Amino acid sequence: MSKINPQIEDSWKELLKEEFKQPYFAQLKNFLLEEKKKHIIYPPGSKMFAAFNHTPFDTVKLVILGQDPYHGPGQAHGLCFSVPKGIQKPPSLQNIFKEIKDDLGHNIPDHGNLEQWANQGVLLLNATLSVRAHQAGSHQKRGWENFTDAVIKHLSDRKEHLIFLLWGSYAIAKKELIDQSKHHILTSVHPSPLSANRGFFGCRHFSKANEILSRYGKDKIDWKII
């Protein structure tokens, strides 16, 4: 499955090696191979595990959980809510930047590539890591959620004082995978234009996250995108 399953960063590869052997993962690979024969799928195979490759396990300080990748041409590149430079910022991402401006005073950037966050220890994880072009949610319940739930559980079990930003009911439901006695969970409605005015705007999750990191002697996240 070389065209679908590129190399994943070594620390994650070791941590998740048992998941790659599970029957659900074999079924997922077969599903993706069949999908590629008939449809365009996003992101490209080389970007499917980008969240892990930008943020090795030992560097993870904070997790932002999305649902599935953007399904328009050129948008998805393996990091939740992020788009490559040169691609128009989707509405939810625009609202994230608006909240950061109100919270921290950072100007809204002219692009939506969030790799700068990922490289600082922000795991930008979608629950589903692929999607059929123009069909949101089309690769849900095919096995990806088993895999990403295992990722969340490994993070919860093996690390301490992580911060999870869970936006919207889908992400908030993942709370049951997280040991809340040793990690921090910040929740709000989704930043989508359909809901942002009901509690995402004003949540101040970005300054709150940095306050928590400082409390434990960790470097703050520089949320400013340049």
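These legends accompany a set of close-up views of one predicted model. Local features need pLDDT of at least 70 and side-chain atom pairs count only at pLDDT 80 or more, while totals for chains, interfaces and linings use all residues. Residues are numbered from 1 along each chain as its sequence is written, and side-chain values use heavy atoms, with hydrogens and water left out.

**View A. The largest pocket has a volume of about 510 Å³.** Of its 31 lining residues, Gln67, Asp68, Tyr70, Phe81 and His190 are the closest to the centre. Strand S2 (62–66), helix H5 (91–104) and helix H8 (169–172) are the elements that give two or more residues to this lining, and H8 provides the largest share, three residues. By class, the lining holds 16 nonpolar, 14 polar and one charged residues. A pocket here is an open set of points on a 1 Å grid over the protein atoms alone, with protein on both sides within 12 Å along at least five of seven lines, and a lining residue has an atom within 4 Å of a point. Grid points are joined across faces, edges and corners, and the volume is the space filled by probe spheres set on the points. Helices (H or I, at least four residues) and strands (E, at least two) are DSSP runs numbered from the N terminus. Ala, Val, Leu, Ile, Met, Phe, Trp, Tyr, Cys and Pro count as nonpolar, Asp, Glu, Lys and Arg as charged, and the others, Gly among them, as polar.

**View B. Phenylalanine 81 has a positive phi near 70°, although the residue is not a glycine.** Look for Phe81 in the loop between S2 and H5. At 10% relative accessibility, this residue counts as buried; buried means under 20% relative accessible area, exposed over 50%, and partly exposed in between (1.4 Å probe, protein chains only). Histidine 161 also has a positive phi, about 60°, and is found in the loop between helix H7 (144–158) and S5. With 25% relative accessibility, histidine 161 counts as partly exposed.

**View C. The largest cavity has a volume of about 30 Å³.** A cavity is a set of grid points where a 1.4 Å probe fits but cannot get out, and the count comes to one cavity of 30 Å³ or more. Val63, Leu65, Ile152, Phe164, Leu166, Lys174 and Ile178 line this space. S2 and S5 each supply at least two of the lining residues. Six of the lining residues are nonpolar, none is polar and one is charged.

**View D. Lysine 174 and aspartate 149 meet in a salt bridge at 2.7 Å, N to O.** The pair links distant parts of the chain, with lysine 174 in the loop between H8 and S6 and aspartate 149 in helix H7, 25 residues apart. Lysine 174 is buried at 11% relative accessible area, whereas aspartate 149 is partly exposed at 21%. A salt bridge is a side-chain nitrogen of Lys or Arg within 4 Å of a carboxyl oxygen of Asp or Glu, and the whole structure has six of them.

**View E. Arginine 204 and aspartate 103 also form a salt bridge, at 3.4 Å, N to O.** Arginine 204 lies in the loop between S6 and H9 and aspartate 103 in helix H5, so the pair ties together parts that are 101 residues apart in sequence. Arginine 204 is partly exposed at 37%, while aspartate 103 is buried at 12%.

**View F. Helix H9 spans residues 205–215, and its buried residues include Phe206, Ile212 and Leu213.** The buried residues of H9 pack against S2, H5, strand S5 (163–167) and strand S6 (184–188). After H9 comes glycine 217, with a positive phi near 75°.

**View G. Glutamate 9 is buried yet has no salt bridge.** Glutamate 9 sits in the segment before helix H1 (10–15). The nearest side chain of opposite charge, lysine 159, is 11 Å away; Lys and Arg count as positive and Asp and Glu as negative, with His and the chain ends not counted. Leaving aside neighbours within four places in sequence, glutamate 9 is in contact (heavy atoms within 4.5 Å) with Phe52, Asn53, Pro56 and Phe57.
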